Protein chains: 4
Amino acid sequence: MFDHDRPEEECGIIGIVSKDRKFNAASNIHIGLYALQHRGQESAGIATYQDEYLHIKRGKGLLRDVFKPADFENLSGNVGIGHVRYSTTGSGYAQNVQPILARYWGGMMAISHNGNIVNCKELMEQVVQRGSIVRSSSDTELILHLISIQKERDTLKAILGVLNKLQGAYSMVLIANGKLIGIRDPFGFRPLVLGKIDNGYVISSESAALDVMDAVFEKDIKPGEIIISDGSELKSIDFKKDERNALCVFEYIYFARADSVIDGTSVYEVRKRLGKELARLNNVSADVVIPVPDSGITTAIGFAREADIPFEIGLLKNPYVGRTFIHPGQSERDMRVKLKLNPIRSVVKGKRVAVVDDSIVRGTTSQRIVKLIREAGAREVHMFISSPPITHPCFFGIDTSIKKTLIASRNSVEEIRLFLGVDTLSYMTMEGLSKAAGKSLDELCYACFNGDYPVPVIEDSEEGKLLLEDYRVLEM
Amino acid sequence: MFDHDRPEEECGIIGIVSKDRKFNAASNIHIGLYALQHRGQESAGIATYQDEYLHIKRGKGLLRDVFKPADFENLSGNVGIGHVRYSTTGSGYAQNVQPILARYWGGMMAISHNGNIVNCKELMEQVVQRGSIVRSSSDTELILHLISIQKERDTLKAILGVLNKLQGAYSMVLIANGKLIGIRDPFGFRPLVLGKIDNGYVISSESAALDVMDAVFEKDIKPGEIIISDGSELKSIDFKKDERNALCVFEYIYFARADSVIDGTSVYEVRKRLGKELARLNNVSADVVIPVPDSGITTAIGFAREADIPFEIGLLKNPYVGRTFIHPGQSERDMRVKLKLNPIRSVVKGKRVAVVDDSIVRGTTSQRIVKLIREAGAREVHMFISSPPITHPCFFGIDTSIKKTLIASRNSVEEIRLFLGVDTLSYMTMEGLSKAAGKSLDELCYACFNGDYPVPVIEDSEEGKLLLEDYRVLEM
Amino acid sequence: MFDHDRPEEECGIIGIVSKDRKFNAASNIHIGLYALQHRGQESAGIATYQDEYLHIKRGKGLLRDVFKPADFENLSGNVGIGHVRYSTTGSGYAQNVQPILARYWGGMMAISHNGNIVNCKELMEQVVQRGSIVRSSSDTELILHLISIQKERDTLKAILGVLNKLQGAYSMVLIANGKLIGIRDPFGFRPLVLGKIDNGYVISSESAALDVMDAVFEKDIKPGEIIISDGSELKSIDFKKDERNALCVFEYIYFARADSVIDGTSVYEVRKRLGKELARLNNVSADVVIPVPDSGITTAIGFAREADIPFEIGLLKNPYVGRTFIHPGQSERDMRVKLKLNPIRSVVKGKRVAVVDDSIVRGTTSQRIVKLIREAGAREVHMFISSPPITHPCFFGIDTSIKKTLIASRNSVEEIRLFLGVDTLSYMTMEGLSKAAGKSLDELCYACFNGDYPVPVIEDSEEGKLLLEDYRVLEM
Amino acid sequence: MFDHDRPEEECGIIGIVSKDRKFNAASNIHIGLYALQHRGQESAGIATYQDEYLHIKRGKGLLRDVFKPADFENLSGNVGIGHVRYSTTGSGYAQNVQPILARYWGGMMAISHNGNIVNCKELMEQVVQRGSIVRSSSDTELILHLISIQKERDTLKAILGVLNKLQGAYSMVLIANGKLIGIRDPFGFRPLVLGKIDNGYVISSESAALDVMDAVFEKDIKPGEIIISDGSELKSIDFKKDERNALCVFEYIYFARADSVIDGTSVYEVRKRLGKELARLNNVSADVVIPVPDSGITTAIGFAREADIPFEIGLLKNPYVGRTFIHPGQSERDMRVKLKLNPIRSVVKGKRVAVVDDSIVRGTTSQRIVKLIREAGAREVHMFISSPPITHPCFFGIDTSIKKTLIASRNSVEEIRLFLGVDTLSYMTMEGLSKAAGKSLDELCYACFNGDYPVPVIEDSEEGKLLLEDYRVLEM
């Protein structure tokens with residue numbers, strides 16, 4: 001929920017194309033990115049294409065920090081792509097604001113990418129050894145290099161040749177040959193949807209962006225599908241072989257917006273079912289059900305209804321607390337949690353309180369929340385988590401910290417319960433997750449719960465940062 | 001809920017004093033102001049006092065924009081006051097960031113004020129005619145002038161002499177004679193509470209600030225009460241005559257934080273009772289109850305429980321949408337509502353939807369919300385408002401726009417229903433309000449519903465801006 | 001020459017009025033202020049008047065930091081005043097950005113002031129004791145108070161009543177009654193000129209501003225003269241009694257622009273004559289004459305010509321070095337001088353170098369310059385200063401630091417010579433100054449050289465900050 | 001002299017290395033860059049190397065805008081390079097802030113470059129066609145690509161292989177293999193000097209930077225010389241074949257600092273000799289000699305002395321006028337010149353004025369200066385230019401605008417004289433230039449005067465922007 005005590009999404013992407021050459025792709029992307037800002041708050045960018053020129057604006061910060069009205073006077077073009085990005089602060093790697101652009105043998109090319117290429121290091125080594133130079137730490141630049149080094153000098157064929165080699169998670173949009181291209185990896189780790197506008201098409205990480213862009217949802221782009229369009233025609237190519245589907249289940253649990261629909265299923269409904277399932281799986285005896293806002297709300301509604309216990313807002317979130325600084329003598333984490341969440345005394349005082357949250361990463365924030373609730377007079381605190389224990393790091397686009405900081409990687413549930421200071425602690429099961437998501441166990445990625453990575457990853461790195469360590473630049 | 005389609009609070013104030021001369025008043029106020037940021041986002045300031053010097057930092061913007069760590073190295077002193085302020089943008093009047101300071105015959109003085117002095121113009125005229133100069137458009141400066149022109153040269157006696165003349169709403173904190181002074185007007189329009197810290201006292205607009213400051217709630221400062229403290233002693237003086245109480249009922253309905261307790265009553269519980277009362281007063285037939293976030297949530301929970309209809313989140317709020325700009329060809333208000341709120345289709349589609357909101361000012365935003373819900377497939381939309389129709393402007397510290405823009409001032413409920421495009425529209429009654437608040441009708445201010453202003457106001461100004469028009473300055 | 005090692009001017013002012021009501025006073029003032037930026041770099045502001053409203057924009061920093069094009073769309077009005085201000089950084093007093101505005105019994109009033117009222121403290125005490133509040137540390141606010149407390153309720157008569165009481169230096173422009181008013185104190189400490197534009201008039205600190213504003217120089221405003229104009233008529237009132245003239249001689253030596261003409265005499269020509277006089281007064285034996293840029297250039301030209309020694313640029317100034325920070329291990333002052341000035345080796349190597357500068361305040365910068373010249377190979381260094389030794393602080397608008405830091409207040413010329421490390425050190429005489437300025441000794445203020453203050457000042461304060469200490473505010 | 005009416009330099013570079021591993025390269029480079037800021041004001045950057053990591057800070061603006069003290073805590077390393085850059089505003093090409101970095105087969109590499117590779121387009125095409133991607137419009141990136149694609153996998157040998165192919169001007173510093181490398185092209189278009197510090201070496205565009213860095217001038221790096229050092233050893237390799245020397249003569253006339261010494265000759269002395277030569281070549285009859293500040297000052301001193309006419313400052317430059325905006329109704333260029341330069345009336349009135357300037361590009365600014373001088377009362381205006389007529393664009397690192405905007409490319413001297421409105425107009429000759437510079441005609445580049453480019457350039461592009469047009473990106 002707070003800084004680094006919750007899995008962090010890495011990116012949101014949008015692409016748009018219209019056959020109307022006067023269409024302003026940039027302003028439409030700008031609106032759509034607002035609906036994806038939850039997927040990345042570190043940087044943002046938009047690139048458009050017109051008459052063999054790419055136009056771009058990108059920068060660090062939220063959309064409201066990066067874009068000014070005057071930018072859009074210059075961002076002309078009827079095809080464009082956009083990006084919002086989360087990146088670990090202080091990670092030691094250079095910041096890589098997207099979209100990124102390059103000239104290659106086919107002209108100008110632009111890309112926005114959501115995911116993580118797990119064999120990036122190995123592929124990058126090949127690129128460098130053949131005599132290309134690498135100018136950033138991102139696997140996004142890698143994709144451009146790979147396209148560029150293909151023998152085949154037809155852009156689409158070259159891309160297909162590249163996909164052959166990429167291992168990992170990638171949902172991406174590109175501009176090449178003046179067309180919009182959308183690609184979702186064969187496992188479908190990250191969502192990607194197609195929408196229809198007058199005279200053209202939109203591709204987006206989530207369907208919620210289509211709503212604000214006045215686009216009509218057309219379909220989920222399938223795992224292993226490429227979409228190419230110039231605004232008039234739409235071409236689809238299937239490059240999936242025999243990979244199983246592996247949609248990241250955390251998209252349903254926490255990442256995606258509640259108003260999005262992913263691979264046919266409403267996120268809101270999955271969350272409500274998760275709450276119901278969680279109540280069914282446990283024998284709940286409590287006087288009141290409260291969510292940890294904001295993400296736990298829907299799940300708690302389902303939970304409360306199934307358990308037939310009153311649902312209340314027991315923790316009030318302060319939306320104005322961002323990265324405020326801490327004064328000497330204050331505990332950084334204590335103060336931040338206290339400023340962000342205040343218990344409503346009349347709701348919890350003297351009560352047996354069921355607290356519903358979506359996940360526990362390190363456990364430190366949850367511990368402080370429990371303390372606040374107890375201090376406000378709760379008689380008992382029972383915690384219900386709508387995901388199973390996170391025991392393994394993610395290598396497919398999520399920052400779940402390094403393995404050793406995952407509390408569930410080295411503690412039993414009972415040990416975690418004692419650490420949090422709750423009367424009972426109940427986790428969701430993988431079966432319950434599947435049931436709520438309406439998907440079979442082998443259609444989702446559960447690697448962070450069981451270490452069963454759909455794509456082999458070299459786990460030699462304790463830090464789970466195995467990809468990029470060879471681009472050694474610290475940018476201030 | 002959005003820009004100017006909801007009553008807007010004007011200020012939040014905090015004062016603190018410790019007998020420990022090394023106590024850092026400023027950093028404590030800073031933390032506390034975060035809990036009051038909802039009461040004002042236009043500007044913020046903190047003043048502290050030490051050894052006959054006032055130290056101050058103030059500026060436009062949110063707390064996070066105004067204050068930097070280095071400021072607190074210089075804001076020394078064991079007594080201090082703080083302020084957050086809302087002010088109508090583009091109002092044409094100079095911005096008046098508080099606290100404001102002055103030298104007077106008694107030394108240095110500082111003030112933070114929440115409210116509105118309705119006889120400001122008349123009093124200011126006296127001040128100017130006697131040969132004082134006025135340097136801002138604020139009634140806050142007026143209070144300093146009035147203290148300064150008293151014949152009586154004892155600060156406390158001078159203040160008592162001033163209170164005699166002030167008409168209107170004022171909850172304020174002052175520093176004078178190196179002491180902290182808190183004053184609440186005899187009607188008690190705005191809340192003001194007293195808390196205890198080790199070695200001293202805190203005064204705050206709302207009790208929620210006490211929680212984050214680790215202060216213990218001591219009592220509500222009574223209407224017509226002055227509190228004076230140097231950190232050791234605490235003196236209380238009662239200056240109320242025979243005025244009735246007139247707490248602004250919108251503090252319960254919408255302004256105050258749900259986790260605050262005002263004049264002995266939990267805001268959260270009042271809101272829940274408002275929901276229940278609203279359900280009881282009407283014959284509700286709906287399939288689902290949804291709030292307009294964020295303020296309607298608690299009320300909708302109570303409503304849903306009483307009506308025994310499922311409570312759901314049917315509108316998702318986007319917290320990242322602030323004052324984003326609008327592109328050519330877009331409708332400003334349409335786009336802003338659409339970006340801020342997106343309906344969750346699976347919740348409303350094919351349903352009879354009961355929407356719970358707290359108030360309607362101009363009606364334009366509500367109209368757009370209804371349109372969004374209908375477009376998402378709702379079969380029927382029934383709107384329930386937890387306040388009575390707002391027919392009169394407020395002159396006591398709230399910006400409810402000018403009279404002619406209040407939709408209920410010139411339309412019947414049926415006309416408003418047609419304007420909004422809902423199947424039914426139900427307002428709260430004043431009796432229901434009183435019941436939910438647990439206060440008799442003559443303990444609350446209902447002037448915006450019935451024009452019965454507790455203090456006579458000259459309504460000659462159509463704009464309801466009667467106070468300040470004689471300080472004619474436009475500051476860029 | 002550098003930070004605080006040279007007398008610092010406090011302000012530049014401009015007023016303009018046109019009878020053409022569509023005239024944009026603000027944009028003309030903006031242009032004019034650029035020509036006065038050398039008189040103040042800490043803050044800037046412009047106020048205009050139209051239809052009983054004052055419009056204002058002001059802020060800290062240079063003109064280029066404070067003003068944006070959009071400001072001028074709103075700064076409407078055919079009469080206006082502007083201000084640039086220098087103020088000692090870290091002085092501990094609140095910053096007082098001008099113009100300042102007030103409502104008084106006659107309506108709206110605005111003022112920009114250059115100078116220093118030496119009996120400010122005493123007058124302010126009267127103002128406070130009669131029941132006015134003081135909101136800044138500036139003697140500029142005092143003037144508004146004094147006008148406001150006059151019994152006489154005619155603005156012009158009230159102003160005349162005030163001038164009666166003010167002691168010290170003041171050149172100022174006001175807007176009152178919708179008219180432009182310009183006032184120069186009876187001693188004429190600071191310059192003030194009148195210019196003519198089509199349909200109106202300009203008042204400015206220096207004639208150089210008239211040039212860029214396309215105004216025609218009309219006359220110097222006389223010591224003890226008030227000018228009032230609405231753009232059509234121009235009225236002049238003389239309020240001088242028997243005060244002698246006392247123009248600050250440093251305006252000629254250093255402050256004013258070389259292209260200005262003050263009280264009938266070209267600044268450029270005075271400086272050249274200063275150089276000639278300096279050469280005549282001394283038996284110069286040197287191989288080359290070099291100025292300390294920029295101010296010494298003109299004086300050095302005159303000096304070189306009279307001494308018949310080649311004039312060269314021996315120190316190159318780096319215009320890009322502002323307030324750069326210093327790295328650990330570097331000497332702040334050494335590095336700053338080194339970055340700002342680099343000797344041209346071929347000019348000074350093996351030579352007997354005559355260095356011409358305008359003044360020595362603390363001597364530390366001069367010492368470093370001498371060191372640089374010697375390190376570049378000069379055989380001898382002879383320093384010639386175009387002002388007499390500064391032995392007393394200024395109380396009339398100049399920041400010459402406090403007395404004890406003035407090197408000449410406690411050292412003989414020989415001691416200073418040893419401190420600087422020069423072979424010879426020669427100062428200008430007061431007689432030489434008068435001769436070069438073409439004014440008799442009792443027409444100029446020489447107080448900083450001989451302590452003979454034209455207006456009595458209470459020198460009890462060692463810091464020479466005697467005026468404002470009773471407004472005790474530190475603003476961050 | 002002003003915006004785009006004078007040749008504009010493109011870059012300044014610095015490299016430093018110490019064998020002391022605790023040496024802070026960055027803070028030393030930072031100081032040195034201040035002495036090169038005149039060579040580029042658009043962007044700045046510093047990169048350092050330590051333990052296989054590059055640390056970098058770069059950004060748009062002046063040094064004072066880009067660097068903050070905290071940056072230097074992180075810019076660790078005993079070897080580093082820095083850069084200041086000028087780039088045409090609104091040029092339509094993406095901004096390319098240097099240094100630029102890349103990973104290649106040899107590890108990490110960084111480069112700062114001053115100059116222009118004239119066969120960049122052709123070489124870039126080869127790079128792209130072999131399958132590399134290009135990510136900026138700069139010829140600096142090209143150099144990294146070329147090193148990277150060498151078959152030879154020894155860095156120094158690879159660099160030598162690249163130099164073989166590069167045509168054009170390049171003075172550059174690189175970090176590779178943890179060593180500092182400095183390279184000057186075989187023609188020596190741009191200056192490059194070597195200095196010695198305790199335990200190491202400095203390489204800089206100009207010797208003036210050595211002075212502020214406390215480095216001792218060692219030697220000019222020769223045309224066609226590579227310097228490699230790890231702080232202890234210094235290796236030099238000569239790769240010049242039979243190219244003639246072609247130092248850009250404008251370095252002496254205008255670009256370089258007067259306190260620099262280039263290829264053995266003091267810039268200050270060359271400028272003074274230019275003035276003398278200019279006087280000798282013409283029969284000057286004037287009453288006063290005035291420079292166009294700042295660059296013309298030294299030349300005017302020499303001119304005045306030779307012509308035996310008094311030297312005066314006749315135009316006062318306002319250092320505070322940067323890119324101020326212009327108000328409606330004002331002529332952009334008129335206003336800018338007027339704000340920047342004001343004539344000193346007493347100097348020019350009634351006089352025959354000899355104006356000394358360094359060059360005329362478009363002539364528009366000179367025309368306005370002449371107008372100002374005439375309006376100030378000059379009887380005659382004679383203009384003396386210390387360079388020959390500029391008739392051809394530069395392709396070696398200078399922005400002399402496109403050919404058709406060069407006034408001398410399509411007008412005779414008499415036509416230019418009429419355009420400027422001067423009584424006489426005299427240009428320097430190429431022979432005079434050579435004489436003043438103490439170099440023979442074939443040791444300097446005179447291409448902008450005679451079109452005799454030392455390296456063949458394809459002049460097919462009317463705009464003289466022949467290099468970069470294939471990287472089609474417009475960055476906002």
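**View 1. The side of chain A that touches chain B.** In this predicted model, 42 residues from chain A and 41 residues from chain B make up the contact; two residues are in contact if their C-beta atoms, placed from the backbone, lie within 7 Å. Two or more residues each are given to the chain A side by α1 (25–34), α2 (63–66), α3 (69–74), α7 (207–212), α9 (267–281), α10 (296–307), α11 (332–340) and α12 (345–348) of chain A. Helices (H or I, at least four residues) and strands (E, at least two) are DSSP runs, numbered from the N terminus. With four residues, α10(A) provides the largest share of the side of chain A that touches chain B. By class, this side has 24 nonpolar, ten polar and eight charged residues. Ala, Val, Leu, Ile, Met, Phe, Trp, Tyr, Cys and Pro count as nonpolar, Asp, Glu, Lys and Arg as charged, and the others, Gly among them, as polar.

Residues are numbered from 1 along each chain as its sequence is written, while chains are lettered from A and ligands numbered from 1 in the order in which they are written. Because the model is predicted, local features need pLDDT of at least 70 and side-chain atom pairs count only at pLDDT 80 or more, whereas totals for chains, interfaces and linings use all residues.

**View 2. The side of chain D that touches chain C.** Here 42 residues of chain D contact 42 residues of chain C. At least two residues of the chain D side come from each of α1 (25–34), α2 (63–66), α3 (69–74), α7 (207–212), α9 (267–281), α10 (296–307), α11 (332–340) and α12 (345–348) of chain D. The largest share, four residues, is that of α10(D). The chain D side consists of 24 nonpolar, ten polar and eight charged residues.

**View 3. The axis between chain D and chain C.**

**View 4. Chain pairs without contact.** Chain A and chain C are joined by no contact, and their closest C-alpha atoms lie 14 Å apart. Chain B and chain D likewise have no contact between them, with their closest C-alpha atoms 15 Å apart.

**View 5. Helices α9 and α10 of chain B.** The axes of α9 (residues 267–281) and α10 (residues 296–307) of chain B come within 7 Å and cross at roughly 40°. Axes are lines fitted to C-alpha atoms, for helices over the stretch in contact, and angles run from 0 to 180 degrees between N-to-C directions. α9(B) and α10(B) are therefore oblique to each other; angles under 35 degrees count as roughly parallel, over 145 as roughly antiparallel, 65 to 115 as roughly perpendicular and the rest as oblique. Residues of α9(B) in the contact include B:Tyr268, B:Leu274 and B:Leu278, and those of α10(B) include B:Ile301 and B:Phe303. The contact of α9(B) with α10(B) has eight nonpolar, four polar and seven charged residues.

**View 6. Helices α9 and α15 of chain C.** In chain C, the axes of α9 (residues 267–281) and α15 (residues 430–437) cross at roughly 140° and come within 8 Å. α9(C) and α15(C) are therefore oblique to each other. C:Val270, C:Arg273, C:Leu274, C:Glu277 and C:Leu281 of α9(C) meet C:Gly432, C:Lys435, C:Ala436 and C:Ala437 of α15(C). Five nonpolar, one polar and three charged residues form this contact.

**View 7. Confidence in chain A.** Chain A has an average pLDDT of 91, and 92% of the residues score at least 70; pLDDT is the predictor's confidence in each residue, from 0 to 100. Over residues 88–94 of chain A, pLDDT stays under 50.
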